[in-house]
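Dear colleague,

Please find the structure below for your files. My notes on its salt bridges follow.

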Amino acid sequence: MSGSYDDSVGVEVSSDSFWEVGNYKRTVKRIDDGHRLCSDLMNCIHERARIEKVYAQQLTEWAKRWKQLVEKGPQYGTVERAWCAFMSEAEKVSELHLEVKGSLMNEDFEKIKNWQKEAFHKQMMGGFKETKEAEDGFRKAQKPWAKKLKEVEAAKKAYHAACKEEKLAISRETNSKADPALNPEQLKKLQDKVERGKQDVLKTKEKYEKSLKELDSATPQYMENMEQVFEQCQQFEEKRLRFFREVLLEVQKHLDLSNVASYKNIYRELEQNIKTADAVEDLRWFRANQGPGMSMNWPQFEVDEWSADLNRTLSRREKKKASDGVTLTGINQTGDQVSQPNKHSSLSVPSNTVQSVQSSYNPFEDEEDTGSTVSEKEDNKIKNVSSYEKNQSYPTDWSDEESNNPFSSTDANGDTNPFDEDTSPAMEVRVRALYDYEGQEQDELSFKAGDELTKMENEDEQGWCKGRLDNGQIGLYPANYVEPIQ
């Protein structure tokens, strides 16, 4: 479009009409404008899609923030649920607006982009192929007529100049006749000039009229050719306009959520949730959970806490005593059986055995205690059982270390007892707590799930193990509350 006809140089444009030389360029420019309008429409849709995305994000953030505020706030009951329904509505509407954003970018934006690429073909030297074709068509259609128009303009200019010269010559001749000082020879020259002027006027007029006639004869063909090129541009523009109309309708459908069934359901559900709010129900709930309807532990007579703890400790330990016998502590079994360490390292003996022991000499007696009766020693053993402590040592009465014990692991000569079994303590095992446990008594350990400790003795008949925490505390704990560390 940068070029103009050489033949049109100097041609004065008398109007803004399409038929004037060079005024077809507005039609050619419309093709370039069509490409720019496609880009503008894509930018418009892209900005709207960004707005939809930001709006969706703001709805989600608003819903999340206010849902937490309402849930943590003082509102309760059905009105709270109705209030929270607005946040649910916002989340669902946010999802729909994200879908709108996706439709605008993935469908409408891409459709315009592809159409623009197919309709406008860029040239290596710049510009578009369609623009150049239109400009070449108009230039070709206008060139013959523009050439004749240029001739007409030149003939008109020559004719007007001849008329001006003629009038000047006639004016000089008239003035010379009134001047007596002018000689006849000068007067004759003026008359000849007037005559030549009239002849030039006739010649230029004839040429001017002839060029006008030729221009008039070329005008119909000029108009036909220009119309033809213009129609081609109109058809191209019609495709763009129809395409824009189609795209805008699709954008409208994507933006209009009122026709989306799920959108209608959102507000139908919101209305139902609001209508379910019941003031009477909320007041009844508050009365039952926060008011006079709540249960109350009215003051009652309570047993002294220290006595209750003592009774509970004694009751748990009394379960380990046999109902019809007494317990002897510190006894190592010999023979085929290996002593099994348990929670109290004790052995129960029937009462009839005690009677037989009372009537005979006790080989486990120290020489210093031979004056004591068996019954007194048995009473001492029972007391040891009831007041057992986890760190208490065994009575010296029954120790294998005594020199007077005939079953001592070494005799007087220092030889080994052939009937003595290996009584080394059980192997310590690292275990991990499966659950939290709070010790109920002083000899019980407390730990949290995941804590590690050392099992020192195997599980006893009542399901207890002896263990040691990492801080050195030793005590009892339920065996099924831990698992070995692999």
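By about how much of the helix are Asp136 and Lys132 separated in helix H3? They are four residues apart in helix H3 (residues 129–177), and therefore separated by about one helical turn. Helices here are DSSP runs of H or I with at least four residues, numbered from the N terminus.

This is a predicted model, in which local features need pLDDT of at least 70 and side-chain atom pairs count only at pLDDT 80 or more, while totals for chains, interfaces and linings use all residues. Residues are numbered from 1 along each chain as its sequence is written, and side-chain values use heavy atoms, with hydrogens and water left out.

A search of the whole structure finds 20 salt bridges, each defined as a side-chain nitrogen of Lys or Arg within 4 Å of a carboxyl oxygen of Asp or Glu. One of them joins the side chains of Glu250 and Lys111 (2.8 Å, N to O). Glu250 belongs to helix H4 (residues 184–255) and Lys111 to helix H2 (residues 77–119), so this pair ties together parts that are 139 residues apart in sequence. Glu250 is partly exposed at 23% relative accessibility (buried means under 20% relative accessible area, exposed over 50%, partly exposed in between, with a 1.4 Å probe and protein chains only).

Asp136 and Lys132 also form a salt bridge (3.0 Å, N to O). In helix H3, Glu153 and Lys156 lie three residues apart, about one turn of the helix. Salt bridges with shared partners join Lys132, Glu135, Asp136 and Arg139 into one network.

Yours sincerely

Methods
Helices (H or I, at least four residues) and strands (E, at least two) are DSSP runs, numbered from the N terminus.
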